[in-house]
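Keep the viewer open and follow along.

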Amino acid sequence: MATVSLRQAEAIVDGTLSAARAAEAKPVVVVVLDHAGHVVAVKREDGATMFRYEIALGKAWGATAFGVSSRALAQKAQENPNFMLSLTNAANGRVLLNPGGLPIFDVSGKLLGAVGVSGDSGDRDEAFAAAGVESAQLSSTAS
């Protein structure tokens, strides 16, 4: 099965941090998971506040599990809150329904894993994650 490599994960993390610094973002944490939800790479900027790692991990975990953004999961939660509450419980609280988590696909559309970012607003976290994925010449949308 295809999965995100360490080299790709490092490129995603570095691209994400580069985008965050260019935007003068608050300090962020970036987590990249493989297709099975295992951490491949993580970086925490100096000054990132408490729980940022756990939040970034939760955003990425949901994006990996469903192959959609954490924003899309939040929208699904509005449509079917009981299902998403049950899912969050079944996942031992690991799924976080807030923008900033994106799936990672290769050029053929295979899900490789996901990236989660936390530290700034959800919208900006998501934009930084997208920049990181693109910098690794991968995609955050299935082809």
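Which residues have the most contacts inside the largest nonpolar core? They are Ile12, Val30, Val32, Ile104, Val115 and Leu138, in a core of 23 residues. A nonpolar core here is a set of buried Ala, Val, Leu, Ile, Met, Phe, Trp, Tyr and Cys residues joined through side-chain atoms within 4.5 Å. Buried means under 20% relative accessible area, exposed means over 50%, and partly exposed lies in between (1.4 Å probe, protein chains only).

A word on what you are looking at: this is a predicted model, in which local features need pLDDT of at least 70 and side-chain atom pairs count only at pLDDT 80 or more, while totals for chains, interfaces and linings use all residues. Residues are numbered from 1 along each chain as its sequence is written, and side-chain values use heavy atoms, with hydrogens and water left out.

Helix 1, strand 1, strand 3, strand 4 and helix 5 each supply at least two of its residues, and helix 1 gives the most, with six. A second, separate core has 15 residues, among them Leu33, Ala56, Met84 and Ala114. In soluble globular proteins, nonpolar side chains tend to be buried together.

Now zoom out. Reading from the N terminus, the order is α-β-β-α-α-α-β-β-α. The radius of gyration is 14 Å, close to the 15 Å that the globule rule gives for 143 residues, so the protein chain is as compact as a globular protein of that length. That radius is taken over C-alpha atoms, and the rule is 2.2 Å times the number of residues to the power 0.38. Of the 143 residues, 47% count as buried.

The four strands make an open sheet in the order 2-1-4-3, with antiparallel pairing. Strand 2 (39–44) and strand 3 sit at the edges with a single partner strand each, so one side of each is left without a neighbour in the sheet. From one strand to the next, the twist averages 15°. Two strands count as paired if DSSP finds at least two bridges between them; strand 1 (residues 29–34) and strand 2 have five, in the antiparallel sense. Val32 has Ala41 as its bridge partner in strand 2, and Val31 stands opposite Val42. Between these two strands, the hairpin has four residues, and Gly37 there takes a positive phi near 85°.

Setting aside residues up to four places away in sequence, Val32 touches residues including Val4, Ile12, His38, Ile104 and Val115. Contact means heavy atoms within 4.5 Å.

What about Leu57? This residue belongs to helix 2 and, at 24% relative accessibility, counts as partly exposed. Beyond its neighbours within four places in sequence, Leu57 is in contact with Val31, Leu33 and Val39.

Helix 5 (residues 122–135) is next. Its 14 residues reach 20 Å from first C-alpha to last, close to the 20 Å expected at 1.5 Å a residue, where the expected span is 1.5 Å times one less than the number of residues. Its buried residues are Gly122, Asp125, Glu126, Phe128, Ala129, Ala130, Gly132 and Val133. Among the elements covering them are helix 1 (6–22), helix 2 (52–66) and helix 3 (70–79), along with strand 3 (101–105) and strand 4 (111–118). After helix 5 comes Gln137, with a positive phi near 60°.

Finally, look at two loops. Most residues other than glycine have a negative phi, and most peptide bonds are trans. Phe51, in the loop between strand 2 and helix 2, has a positive phi of about 75° although it is not a glycine. Phe51 is partly exposed, with a relative accessible area of 49%. Asn92, in the loop between helix 4 (81–90) and strand 3, also has a positive phi, near 55°. At 63% relative accessibility, Asn92 counts as exposed.

Terms used. Axes are lines fitted to C-alpha atoms, for helices over the stretch in contact, and angles run from 0 to 180 degrees between N-to-C directions.
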